[in-house]
Amino acid sequence: MIPIPIVVCVMGGWCAIYLTDTLIKTSTSVKHRYETWLSSNGLTLSPFHIRWQTGLFNRLFARCASLNPHFLHVWFSMGMVFGVVAMFGSVILLSRTLHQTLKQMTSEAPEGSHEQVLQVVVPGVNLPVSQLAYFFSAILVSGVIHEFGHGVAALREQVRLNGFGIFVFVVYPGAFVDLFTTHLNLVSPIQQLRIFCAGVWHNFVLCVAALCFLLLLPLLLFPLYYTGAGALVTEVVEGSPSSGPRGLFVGNLVTSLEDCAVHGVEDWNWCIRQLSQQPQTGYCAGTKNLQISWAAGRAYKRLDGTMECCSNNSLTDLCFSYHNNQEGKMVDGHTVHTDAEYACLPARKTMESSRTCRTNADCQQPQPKQQDGAGPSLCMVPSLENQTRLIRVRHPPHQDMLFVGYPSHLQFSVSLTNFVPRLGFLHLDLPVLLETFCKYLVSLSGALAVVNAVPCFALDGQWMLTSFLEASLGTLLPERSSREMLGFCILLGGSALLASNVALGLWMVTAR
């Protein structure tokens with residue numbers, strides 16, 4: 001469900017604005033001045049909607065529309081082709097998304113939601129509150145670029161621009177351009193199609209530009225930041241298993257998880273997935289240390305069937321399982337050890353300078369820092385509860401962090417970045433800010449290009465479809481009423497398709 005504090009803040013803020021507006025308008029002494037002030041500044045207030053329109057940018061639009069006429073003709077013609085392709089492609093994409101959503105709803109354990117290209121985003125539910133500034137900023141930038149395309153294309157086709165504006169609906173910001181309708185109706189269907197397709201075309205271009213900037217970010221920031229050395233910690237959730245005196249701190253550089261090398265955030269996530277899917281890693285330990293540390297308690301079964309042998313609830317000792325027979329017996333060509341034994345050992349001392357292993361055979365070669373007289377080594381595997389793991393996190397020059405718990409808790413309790421500053425005064429969050437904003441810009445600008453191209457009532461797709469039918473079916477369907485009826489049926493289907501995706505997407509996000 002949507003967090004109650006967010007709902008209260010949004011509803012309370014809009015109620016305060018609406019009540020203030022109503023009270024001022026009911027006052028005979030200030031009503032006229034207040035309405036004159038709203039009108040002169042281009043402001044319009046209604047429930048859950050604020051709109052601001054101005055003509056200050058008309059000259060900027062006109063100047064852009066007069067630059068290199070041949071290039072702009074080719075540019076908006078390319079946009080027209082893209083818009084027509086996107087209109088049909090958006091229907092296919094929404095149909096596929098609807099099929100995937102229905103498939104998830106009918107399955108008891110829905111999986112694969114990350115494979116969906118389009119997902120409904122609800123602030124505070126599947127969008128963290130800490131990311132709201134990126135989200136709304138990217139929406140606003142995408143909306144402004146979208147309307148900029150409409151405005152320049154309209155002026156180039158000799159359609160008058162009345163003004164440009166910005167609005168806020170509930171919590172979502174947006175932009176718009178006000179075109180002179182009479183001029184718009186007088187131009188040809190091809191000219192109209194160039195104007196109507198310019199918005200989604202500019203959203204697509206913005207998406208590609210943001211993606212290129214994101215891919216080139218390591219090169220652009222190379223004089224100030226370097227990459228490939230590890231994953232740099234930028235935030236650790238307070239009170240999480242990753243925090244504490246021997247945990248991770250902001251500025252630590254993680255280089256490996258067990259034997260899995262970490263060169264960046266992608267490696268960090270991949271290593272955690274691998275460690276969670278594979279059996280628990282073992283560690284080579286000498287038998288002499290094993291004998292000294294044996295008398296800690298008798299092994300017993302936990303409720304989940306796993307074994308525990310540390311009865312003193314120590315924060316430093318862990319129960320390890322091992323097989324004392326070095327060779328084992330052969331079964332179907334594989335070495336199988338029987339009669340597992342258990343010992344309660346100090347975790348850090350056992351793992352310190354120890355290499356990882358799966359069987360005793362992995363420990364036969366002498367370890368680089370093995371102490372003399374430690375005896376032959378055995379593969380000691382931590383005996384933990386199901387799905388939990390003991391993970392050694394290396395972040396030199398500091399002492400290794402030993403994490404015990406669910407790997408996903410380690411993944412989500414630490415925020416990291418690929419960028420390591422070359423100079424001490426450089427802020428750790430600058431690359432993260434640029435990277436995160438670009439990712440939101442790619443996602444939201446691309447989504448606006450797809451959604452606005454859908455042949456649906458009140459979206460650009462409605463006018464794109466109408467102009468396309470007028471331009472392409474003028475000879476096949478000479479009667480205008482036939483073309484309008486065909487367009488109405490297509491718009492009805494597109495609207496139903498989009499509404500179904502939004503409704504089911506909201507239900508999946510909020511109810512599941």
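Counting the bonded cysteines along the protein chain, the disulfides follow the pattern 1-2, 3-9, 4-6, 5-7, 8-10. A disulfide here is a pair of cysteine sulfur atoms within 2.5 Å, and the structure holds 5 of them. Before we walk through them, please keep in mind that this is a predicted model, in which local features need pLDDT of at least 70, side-chain atom pairs count only at pLDDT 80 or more, and totals for chains, interfaces and linings use all residues. Residues are numbered from 1 along each chain as its sequence is written, and side-chain values use heavy atoms, with hydrogens and water left out.

Let's begin with Cys260 and Cys271, which are joined by a disulfide with an S to S distance of 1.9 Å. This pair links distant parts of the chain, 11 residues apart: Cys260 sits in strand β9 (residues 260–261) and Cys271 in helix α8 (residues 265–277). Helices (H or I, at least four residues) and strands (E, at least two) are DSSP runs, numbered from the N terminus. The torsion about the S-S bond of Cys260 and Cys271 is about -75°, so this disulfide is left-handed. How accessible are the two ends? Cys260 has a relative accessible area of 16% and is buried, and Cys271, at 0%, counts as buried too. Buried means under 20% relative accessible area, exposed over 50%, and partly exposed in between, using a 1.4 Å probe and protein chains only.

Next comes the disulfide of Cys310 and Cys344, whose sulfur atoms lie 2.0 Å apart. Cys310 is in the loop between β12 (307–308) and β13 (317–322), while Cys344 belongs to strand β16 (residues 341–346), so the bond ties together parts that are 34 residues apart in sequence. With a torsion of about 115° about the S-S bond, the disulfide of Cys310 and Cys344 is right-handed. Both Cys310 and Cys344 are buried.

Cys357 and Cys379 form a disulfide as well, with 2.1 Å between their sulfur atoms. Here the chain is linked between strand β17 (residues 356–357), which holds Cys357, and strand β18 (residues 377–382), which holds Cys379, 22 residues apart. The link of Cys357 and Cys379 is right-handed, with 100° about the S-S bond, and both cysteines are buried.

What about a cysteine without a partner? Cys15 is in no disulfide, and the nearest cysteine sulfur, that of Cys9, is 12 Å away. Cys15 is partly exposed, with a relative accessible area of 39%. Cys64, at 21% relative accessibility, also counts as partly exposed.
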